[in-house]
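Here is a friendly briefing to read alongside the model. Take a look at the structure first, then follow the topics below.

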Amino acid sequence: DYAEHKVQIGKVVPDPDDPDEPTPGTLAELLELSKSRASALHDAGTAEGLAAAIRAADAELGRMCESNRCPGLATAKAQMVAAIEQRLLQRPARSQRVDWLNGWRKPVSAAIAKINAGDVATYRKAMRAVATGLSEAR
């Protein structure tokens, strides 16, 4: 007896809207970390500004990917970091005294590293969770 099998060789590109990649618990924990760290800083204006900057960068990455110009992971991360840094540079004087680097950015970056996003779609999901956490911060 013989069986016929079809094998496709190539890279599997995850669906960016698939809630199972990475696990929802990991994204939920990332969201909560972003929310709790931002809340502890008591700088709601900057939190919302960062969320908007992250969402704008994510939307741009989405447009690029939809038009078959999806950047590599390193480029996507660089674009996101640039958006975050630009927003932090635009803070008003009273917010300049708030330690966003140690209070939010470093812990959130460490958590994103633990997710180990190996592709742009997974990285974008992680950053959307971060943005949601920032928006929910009070």
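The chain has an accessible surface of about 8,500 Å², and carbon and sulfur atoms hold 53% of that area (Shrake-Rupley method, 1.4 Å probe; for residues, only the protein chains shown count as cover). This is a predicted model, in which local features need pLDDT of at least 70, side-chain atom pairs count only at pLDDT 80 or more, and totals for chains, interfaces and linings use all residues. Residues are numbered from 1 along each chain as its sequence is written, and side-chain values use heavy atoms, with hydrogens and water left out.

**Fold**
- The chain has six helices and zero strands (DSSP runs of H or I, at least four residues, and of E, at least two, numbered from the N terminus).
- Of the 138 residues, 41% count as buried (under 20% relative accessible area, 1.4 Å probe, protein chains only).

**Core**
- The largest nonpolar core holds 34 residues, and Leu30, Ile54, Trp100, Trp104, Val130 and Leu134 have the most contacts inside it (a core joins buried Ala, Val, Leu, Ile, Met, Phe, Trp, Tyr and Cys residues through side-chain atoms within 4.5 Å).
- Helix α6 gives the largest share of this core, eight residues.
- Beyond its neighbours within four places in sequence, Leu30 is in contact (heavy atoms within 4.5 Å) with residues including Val108, Ile112 and Val130.

**Aromatic pair**
- Trp100 and Trp104 form an edge-to-face pair, 5.8 Å centre to centre with 70° between the planes (six-membered Trp rings pair with centres within 6.5 Å; planes over 60 degrees apart count as edge-to-face).
- Both tryptophans, Trp100 and Trp104, lie in helix α5, four residues apart.
- Trp100 is buried at 2% relative accessibility, and Trp104 is buried at 2%.

Conventions: Buried means under 20% relative accessible area, exposed over 50%, partly exposed in between (1.4 Å probe, protein chains only). Rings of Phe, Tyr and Trp (its six-membered ring) pair if their centres lie within 6.5 Å; planes under 30 degrees apart count as stacked, over 60 as edge-to-face and the rest as tilted.
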